[in-house]
Every structure is written in C-alpha cells, then in structure tokens.
Amino acid sequence: MQLHEFKRGLIVSCQAQEDEPFFGSGYMARMAVAAEMGGAIGVRVNTLPDIRAVKAAVSIPVIGIIKQPYPDCYPYITPTMKEVRAVAETGAEIVAVDATKLLKPDGKTTEQFIHAIKTELDILVMADVSTVEEGLVAWKAGADIIASTLNGYTSYTQQPSDLPIELQEPNFDIIQALADKISAPIVAEGRFWDHHNAVKAMKLGAHAVVIGAGITRPQVITLKNVTAINRYLQECGS
Ligand SMILES: CC(=O)N[C@H](C=O)[C@@H](O)[C@H](O)[C@H](O)COP(=O)(O)O
C-alpha cells in the first residue's frame with residue numbers, strides 16, 4: 001500500500017486483552033468485519049493471531065501492532081524491530097510503533113528505530129506519539145503517519161482526573177498542533193468516542209480518526225453510560 005491510498009475517515013481499533021470478555025481472534029475478526037460493513041477505512045489490531053484473523057476476514061487496510069512489555073521500559077507498542085518484522089510478515093499494510101522520546105527496549109532512539117524500519121521493510125509506519133515534539137521528530141525521521149495514540153498515557157502527559165483514563169476527554173489541542181506543524185497525515189487516536197469528537201478532530205486537521213473502546217469494548221461503553229447515569233442519580237439524591 002502506498003501512502004496516497006490511505007483514505008480519510010474512520011479507523012476502528014479492534015483490540016481485547018486476555019482479561020476482557022471479547023478476548024480472542026474470532027471475536028476481533030468479527031469486530032473488524034462489522035467495521036468494514038459500516039464503512040471504516042481501516043482497522044487497528046493487536047497481536048499476531050488477531051492480525052492474521054482480521055487480514056483473512058476484511059479487505060480494508062490493517063494497522064498492525066504488537067503490545068510487548070519489556071522489563072523496566074515504558075515503550076510497549078511494537079517497540080523493537082523484532083515485533084515490527086513479525087507484523088510486516090502478516091501482510092499488514094501499516095505498522096504502528098512507539099515513537100515517544102523514551103528509548104526503546106533495545107536502546108534505539110525513535111529516529112534510529114524509524115530509520116531501521118524504513119531501510120529494511122516496505123511497510124507504512126504510523127508513529128504513536130504523546131507530544132507534538134515527538135510527532136515532529138518521528139515525521140523528520142521518516143514516519144509516514146503520525147498518531148496521537150499515547151497522549152495522556154506517558155508519565156509526562158498524564159492529566160489529573162477523577163475519571164479512569166478511558167472515560168476522559170480526548171486532547172484536541174495536540175491534534176491541532178500536529179496538523180499545523182506536520183504535513184504527513186495526522187491520525188487522531190486516544191479516547192475519541194463517537195462522531196461528535198471525531199468530526200471535531202477532523203475539522204482541526206486530522207486525516208483520520210481511530211475509535212477503539214467506543215465501538216469495540218462493550219464493558220467500557222457500559223461503564224461510560226453507567227458513570228453518567230449514576231452521577232445524575234447522585235445529584236438528584238436517588
Ligand atoms: C494507550 C494505548 O495503549 N492505546 C492502545 C493502542 O493501540 C489501545 O489500547 C487503544 O484502545 C487504542 O489506541 C484506541 O483508543 P481508544 O480505545 O481510546 O479509542
């Protein structure tokens with residue numbers, strides 16, 4: 001896939017961890033089929049079995065990731081060449097990688113990491129960043145697409161809140177700043193919930209928007225609704 005084929009629109013993140021009720025490649029493949037039926041321009045998928053199952057089930061582009069924790073190291077989204085090569089072998093059109101300023105588990109900087117991918121492999125690279133500065137570094141290093149995925153998740157971008165992070169608002173400022181400074185496609189990702197905040201992000205310059213929990217994590221959708229309803233009940237003393 002060439003970068004000019006990367007359409008504008010909605011990307012659905014189809015991910016479930018082992019402790020979630022919809023964990024399993026079969027479930028994620030069905031989520032991806034539903035996303036394609038609904039008109040999504042791509043899906044984002046974690047783990048090799050899930051990426052393979054989704055690739056077999058849909059024809060829209062797949063953004064593959066491997067969440068791989070390493071001891072004493074923050075970067076966990078496709079953080080080394082080992083995971084990148086494994087994603088590339090599945091035929092995923094795009095690989096998303098950690099592009100924070102933090103050193104990767106093998107000691108590489110983001111620049112070295114992106115150079116290594118673009119030198120060795122013919123795959124589009126989506127740089128998952130948490131700040132505008134990280135976006136600029138990743139873009140200059142050759143990343144094809146810049147995504148706000150990790151904003152609010154690195155220690156230096158976390159915001160104090162009484163809500164769990166998945167229920168917090170997205171950060172629209174970083175979308176606008178990335179779009180103003182970078183001419184690569186910007187993907188708004190992280191706590192975008194529905195078409196209201198997705199369209200707002202696109203008006204600010206996002207090329208595409210990823211919605212994950214808001215579509216594919218029913219327990220989080222339930223929690224969000226329950227939280228709002230319980231807050232109302234508390235306010236009216238019921
Ligand atoms: C921070 C991190 O690890 N984000 C992950 C990245 O792949 C996923 O857990 C998110 O679900 C995804 O980014 C979509 O975001 P949301 O589910 O908020 O729409």
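Analyst: What follows is a short tour of this structure, which is a predicted model.

User: How many helices and strands does the protein have?

Analyst: The protein has nine helices and eight strands.

User: And what are its overall dimensions along the principal axes?

Analyst: Along the principal axes, the C-alpha trace spans about 60 × 40 × 35 Å. The radius of gyration is 17 Å, which agrees with the value near 18 Å that a compact globule of 238 residues would have.

User: What share of the residues is buried?

Analyst: Of the 238 residues, 44% count as buried. As for contacts, if you take those between residues at least 6 apart in sequence, 56% of them join residues at least 24 apart.

User: Let's look at strand E5. Is it largely enclosed or open?

Analyst: Strand E5, which covers residues 124–128, is largely enclosed by the rest of the structure, because five of its five residues are buried.

User: Which residues sit on which side?

Analyst: Leu 124, Met 126 and Asp 128 lie on one side of E5, while Val 125 and Ala 127 lie on the other, and both faces are covered. In a regular strand the side chains alternate between the two faces of the sheet.

User: Which strands does E5 pair with?

Analyst: E5 pairs in the parallel sense with strand E4, residues 94–98, over five bridges, and also in the parallel sense with strand E6, residues 145–147, over three bridges. To find these pairings in the view, you can look for Ala 96, which stands opposite Met 126 of E5, and for Ile 146 in E6, which is the bridge partner of Ala 127.

User: What about the helices that go with these strands, which units do they make?

Analyst: Helix H4, residues 110–120, makes a right-handed β-α-β unit together with E4 and E5.

User: New topic: which residues come nearest to the ligand?

Analyst: There are 17 residues around the ligand, and those that come nearest are Ser 13, Tyr 153, Arg 191, Gly 212 and Ala 213. The elements that give two or more residues to this shell are strand E8 (208–211) and helix H8 (213–216).

User: How many of the shell residues are nonpolar, polar or charged?

Analyst: The shell around the ligand has eight nonpolar, six polar and three charged residues.

User: Where does Thr 47 lie, and what is its phi?

Analyst: Thr 47 lies in the loop between strand E2 (42–46) and helix H2 (48–57), and its phi is positive, about 85°, although it is not a glycine. Thr 47 counts as buried because 21 other C-beta atoms lie within 10 Å.

User: And Asp 72, is that one buried or exposed?

Analyst: Asp 72 counts as exposed, because it has 5 C-beta neighbours inside 10 Å. Asp 72 lies in the loop between strand E3 (62–65) and helix H3 (81–89), and it has a positive phi of about 55° although it is not a glycine.

User: Last one: what does Ser 25 touch?

Analyst: Leaving out residues up to four places away in sequence, Ser 25 touches Pro 49, Asp 50 and Ala 53. Ser 25 lies in helix H1, residues 25–37, and it is partly exposed, with 19 other C-beta atoms within 10 Å.

Notes. Residues numbered from 1 in each chain as written. Predicted model: local features only at pLDDT ≥ 70, side-chain atom pairs only at ≥ 80, totals over all residues. Buried ≥ 20, exposed ≤ 12 C-beta atoms within 10 Å, placed from the backbone. Helix = DSSP H or I, 4+ residues; strand = E, 2+ residues; numbered from the N terminus. Pairing = 2+ DSSP bridges. Right-handed = clockwise from strand over helix to strand, strands pointing away. Rg over C-alpha atoms; globule rule 2.2 N^0.38 Å. Contact = placed C-beta atoms within 7 Å. Near = placed C-beta within 6 Å. Nonpolar A, V, L, I, M, F, W, Y, C, P; charged D, E, K, R; others polar.
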